[in-house]
Amino acid sequence: MALAAITSGVLRDRRPGRLEREMGSTAGEANTEPAAVPPTAAANGSVIKLEAVRKSFGDNLVLDGIDLDVTSGEVLVVIGPSGSGKSTLLRCVNLLEPLDSGRIWFEGNEITRKGTDVSNVRQRIGMVFQQFNLFPHLTVLNNLTIAARRIRKLSRSEAEKRAHILLEQVGVEHKADQHPHQLSGGQQQRVAIARALMMEPHVMLFDEVTSALDPELVGEVLVVMRDLANLGMTMMVVTHEMQFAREVGDRVIFMDEGRIVERGAPADILDRPQQERTRRFLRRSLQLAHSLEELTITEGGVAE
């Protein structure tokens with residue numbers, strides 16, 4: 001199955017990227033299998049909905065009444081300082097963390113209610129982490145196929161066929177028989193993205209997937225994510241890559257102390273933020289990106 005089918009056939013009005021261009025050779029195969037169209041997302045356009053979500057770790061309130069909608073095919077970029085609750089937000093959406101209170105809906109169904117089939121939800125909400133989390137004792141090919149064979153009960157030949165297509169489309173097909181330690185960090189992260197796509201998710205969550213990479217390797221991962229967005233995948237992306245937020249994001253939210261401080265179009269948030277906390281965060285980010293000369297450490301130990 002080619003990537004177009006995995007993204008539910010919802011193509012976006014964006015410039016074609018590498019994955020979309022390279023799909024020409026497999027487009028015929030993609031049409032032989034039906035796309036997994038989300039059953040309820042089309043009704044109101046909302047794929048993910050959070051209502052009054054709260055989450056604490058001990059006395060530390062990490063999410064404080066989060067209300068959020070993510071529409072079908074949208075790329076929502078989440079920015080903010082460390083400890084603001086960004087990663088916890090994604091982990092709650094993927095049911096890796098239980099809520100203290102509030103509710104989350106996915107494709108029209110509340111997934112935080114008792115009795116939810118968590119495994120089924122996680123098959124449809126793929127997640128890629130900062131650390132690659134590949135099995136070190138398995139080859140790249142087996143890292144991709146193990147879950148598809150055991151959970152989705154695909155045959156070895158079907159799983160390997162799909163895996164080879166995805167590996168080719170993220171540019172690491174030639175590494176299929178190697179082990180993770182033989183790959184660069186960027187290559188391992190692209191394998192992790194391909195592995196998540198093996199389950200044919202309707203939504204992809206990216207949790208600071210470039211933050212552990214050498215600067216020279218960041219671009220190759222962002223290109224894969226950009227091209228995935230070009231194909232219509234609904235995405236929630238936690239990142240410090242502001243250029244990615246500007247060029248690929250449909251909407252940006254800025255979080256601080258467990259709350260959404262500001263939300264809007266990328267140009268509005270990044271160029272014309274309304275809240276002082278957002279302006280201060282972006283000002284520091286830009287200073288660090290261009291020069292350290294203007295920065296000083298305040299009495300509170302904060303760089304300004």
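**Close-up 1. Helices α7 and α9 cross in a right-handed manner in this predicted model.** A crossing is called right-handed if the near helix is turned clockwise from the far one by less than a right angle, and left-handed if anticlockwise. The axes of α7 (residues 140-150) and α9 (residues 185-197) come within 8 Å and cross at roughly 25°, where axes are lines fitted to C-alpha atoms over the stretch in contact and angles run from 0 to 180 degrees between N-to-C directions. The two helices therefore count as roughly parallel to each other (angles under 35 degrees).

**Close-up 2. Residues of α7 meet residues of α9.** Val-140, Asn-143 and Leu-144 in α7 are in contact with Val-191, Ala-194 and Arg-195 in α9, contact being heavy atoms within 4.5 Å. These residues divide into four nonpolar, one polar and one charged.

**Close-up 3. One aromatic pair is present in the structure.** Phe-254 belongs to strand β9 (residues 251-256) and Phe-281 to helix α13 (residues 276-290), so that the pair links distant parts of the chain, 27 residues apart. Phe-254, at 0% relative accessibility, counts as buried (under 20% relative accessible area, 1.4 Å probe, protein chains only), and Phe-281 is buried as well, at 8%.

**Notes.** Residues are numbered from 1 along each chain as its sequence is written, and side-chain values use heavy atoms, leaving out hydrogens and water. In this predicted model, local features need pLDDT of at least 70 and side-chain atom pairs count only at pLDDT 80 or more, whereas totals for chains, interfaces and linings use all residues.

Terms used
Phe/Tyr/Trp six-rings, centres within 6.5 Å; stacked < 30°, edge-to-face > 60°. Helix = DSSP H or I, 4+ residues; strand = E, 2+ residues; numbered from the N terminus. Buried < 20%, exposed > 50% of the residue type's maximum accessible area, 1.4 Å probe, protein only. Parallel < 35°, antiparallel > 145°, perpendicular 65-115°, else oblique. Nonpolar A, V, L, I, M, F, W, Y, C, P; charged D, E, K, R; others polar.
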